[in-house]
Amino acid sequence: MTSRNPSPRTLTIPRSESTRLLREHYGIEAVGLTPLHSELSTVVGVDLADGTRRVFRASASSPRELVLAHWRIGAADRLDDSGIPTGRSVPALSGEKVVEAETSDGPAALHVGEWLDGFMLSAALPTPFLMRAVGEAAARVSAGLADWPAPPAEVAHPWELLRTVETIQATVHSVTDPAARRLVDEALARFTATVEPRLADLPHQVVHHDLHDSNILVDTASERVTGVLDFGDMVWGPRIADLAIPGTHGARSSLDPTSAFIEVAEGWGRVSALEPEEIDLVFTAGLGRLAVNLSVWTDRANTERAEYARARSARTAKTLRRLLAADEATVRAELHRRLGLR
């Protein structure tokens, strides 16, 4: 289900153009715009005169990307219908959830969604209760996507669990710090030895594949998940990706990331079961994903995306070092216990 299709290009438009597009296609008169971080798109928070907010996204478009955008937004809205907050679509004046428009940076797919309140998980104290809530939310996303149709066009990206080895090999030359390079090499060696040979045999489905700590919003007072963001990396892939990613990325703020990972897994197990082989591999799969994060963002640190790259890889090396120091056999045994399987 993967391919070597070209990666989408970055689309950047100025504030004035965002204001115009909102007015022309949505009838929205913005009283304020706040730029939000995005890897490839122009994303802004939109303040309305009545005090409410929206999120506006403009992404590079093509016939293929437009079809995929409808597929992704459809999945997000379906999850929202089931009680998982994803920022429900606000229809355009045409009634469409996604519209195509010409911009100063080329054709764009436009989308407006409801605003979701909360703090990014990356800024929250990772208590055991909150980590379990993250795991429960991830499992609910996975269950909600289990019967969502496969992508309507071939889609692949360098963050995929299936492409872990390929992506690290293509970017690791930029990891020149000896300590960081040792971390990437060790994680890659473990992934190659235990996970990669068995990935194809694991349960596959549509996966969000980007449930990292900037795409999960939380209420720190009630310690609950208040939003799941950014479905742009959805693919057909191994189900365990949607536990491995929040498990390792959610642990980046923890002094004990191994325990944090296990708490996320326990939360998942309260909602959904995994097969024993999935439990065996999910921790090492998470190590591979963190190694991809460190390798890719180090590779991009000398580009125009340098500031974004540093923000996305902050605390990754420290977390990866601590997770690699854990005894994997002990972690696996605890994961089987917490997930309710032996």
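This is a predicted model: local features need pLDDT of at least 70, side-chain atom pairs count only at pLDDT 80 or more; totals for chains, interfaces and linings use all residues.

**Entry 1: α4 against α8**

I looked up how helix α4 (residues 164–171) sits on helix α8 (residues 276–299), and found their axes 9 Å apart at an angle of about 30 degrees. Angles under 35 degrees count as roughly parallel, so I put α4 down as roughly parallel to α8. The crossing of α4 past α8 is left-handed.

Next I listed who touches whom. From α4 I get Thr164, Thr167, Ile168 and Thr171. From α8 I get Gly288, Ala291, Val292, Ser295, Val296 and Asp299. Sorted by class, the α4 and α8 contact holds 4 nonpolar residues, 5 polar and 1 charged.

**Entry 2: α5 against α10**

Which way do α5 and α10 lie to each other, and at what angle do they cross? The axes of helix α5 (residues 178–195) and helix α10 (residues 316–324) come within 10 Å, and they cross at roughly 50 degrees.

On the α5 side I wrote down Leu183, Val184, Glu186, Ala187 and Arg190. They meet Ala317, Leu320, Arg321 and Leu324 of α10. I sorted the α5 and α10 contact by class too: 6 nonpolar residues, no polar ones and 3 charged.

**Entry 3: Glu278**

Back to α8, where I picked out Glu278. Is Glu278 buried or exposed? Its relative accessibility is 0%, and the cut-off for buried is under 20%, so Glu278 counts as buried.

I then asked what Glu278 is in contact with, leaving aside its neighbours within four places in sequence. My list for Glu278 reads Leu202, Pro203, Arg239 and Ile240.

**Entry 4: aromatic pairs**

How many aromatic pairs does a search of the whole structure find? I get 2. One of them is Phe261 with Phe283, at 5.3 Å centre to centre and 90 degrees between the planes. I logged the Phe261 and Phe283 pair as edge-to-face.

Phe261 belongs to helix α7 (residues 257–269) and Phe283 to helix α8, so this pair ties together parts that lie 22 residues apart in sequence. I checked accessibility for both rings. Phe261 is buried, at a relative accessible area of 0%. Phe283 is buried as well, at 1%.

**Entry 5: positive phi**

Glu223 is one, with a phi of about 50 degrees. I found Glu223 in the loop between β8 (216–219) and β9 (224–228). At 21% relative accessibility, Glu223 counts as partly exposed.

Where is Asp230 placed? Asp230 sits in the loop between β9 and β10 (235–238). Asp230 is not a glycine either, yet its phi is positive at about 60 degrees. With a relative accessible area of 29%, Asp230 goes into my notes as partly exposed.

Notes. Residues are numbered from 1 along each chain as its sequence is written. Side-chain values use heavy atoms; hydrogens and water are left out. Axes are lines fitted to C-alpha atoms, for helices over the stretch in contact, and angles run from 0 to 180 degrees between N-to-C directions. Helices (H or I, at least four residues) and strands (E, at least two) are DSSP runs, numbered from the N terminus. Angles under 35 degrees count as roughly parallel, over 145 as roughly antiparallel, 65 to 115 as roughly perpendicular and the rest as oblique. A crossing is left-handed if the near helix is turned anticlockwise from the far one by less than a right angle, and right-handed if clockwise. Contact means heavy atoms within 4.5 Å. Ala, Val, Leu, Ile, Met, Phe, Trp, Tyr, Cys and Pro count as nonpolar, Asp, Glu, Lys and Arg as charged, and the others, Gly among them, as polar. Buried means under 20% relative accessible area, exposed over 50%, partly exposed in between (1.4 Å probe, protein chains only). Rings of Phe, Tyr and Trp (its six-membered ring) pair if their centres lie within 6.5 Å; planes under 30 degrees apart count as stacked, over 60 as edge-to-face and the rest as tilted.
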